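Dear colleague,

I am passing on the structure below, and I would be glad if you could look through it alongside the notes that follow.

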Amino acid sequence: MQWFKHQSHSHTEIKLYKAIKKYGAEAFAIYYLCLELIVERLNEKCYTFELEHDSELISDKLFIKGSATQSGSERVEEIMRYFVELGLFEEYGHRIFCFALIDTLDKSMLSPKTRYFLKNAQDFR
């Protein structure tokens, strides 16, 4: 997919707001980068809603620097764990998924075959 809808008030959604309150703008940036990374892979052959990038790649993409006590990738990992705790993402076998995207994607921009697979993607949860 080339794009997905982004609600203009998503920063006020309680789960994301909690993450932003705790981790600042990094949480917002990490969250939306992860959504983009998941969505850009969606097509009729790939509809797992899995995040394939690890914390090191995400911290590199966002230029998240470490501190004296924590590397940039450790910071991203900590924030991602909080996302899972909040229910923004789901973790299965050390793999991160965002099944909530299923309900927010604009089905009109998908091919009929991809729409069919997404309709049945609830089985992955």
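**Salt bridges**

In this predicted model, the side chains of Glu 77 and Arg 81 form a salt bridge at 3.0 Å, N to O, the term standing for a side-chain nitrogen of Lys or Arg within 4 Å of a carboxyl oxygen of Asp or Glu. Both residues belong to helix 4 and are four residues apart, so about one helical turn separates them (helices, H or I, of at least four residues and strands, E, of at least two are DSSP runs, numbered from the N terminus). Glu 77 is partly exposed, its relative accessible area being 36% (buried is under 20%, exposed over 50% and partly exposed in between, with a 1.4 Å probe and protein chains only).

The structure holds four salt bridges, and another of them joins the side chains of Glu 26 and Arg 75 at 2.7 Å, N to O. This pair links distant parts of the chain, since Glu 26 sits in helix 2 (residues 25-39) and Arg 75 in helix 4 (residues 72-86), 49 residues apart. Glu 26 is partly exposed at 25% relative accessibility, and Arg 75 is partly exposed at 22%.

A further salt bridge connects the side chains of Glu 52 and Arg 41 at 3.1 Å, N to O. Glu 52 lies in the loop between strand 1 (50-51) and helix 3 (55-62), and Arg 41 in the loop between helix 2 and strand 1, so the pair ties together parts eleven residues apart in sequence. Glu 52 is exposed at 53% relative accessibility, whereas Arg 41 is partly exposed at 22%.

Residues are numbered from 1 along each chain as its sequence is written.

Best wishes

Notes: Predicted model: local features only at pLDDT ≥ 70, side-chain atom pairs only at ≥ 80, totals over all residues. Heavy atoms only, no water.
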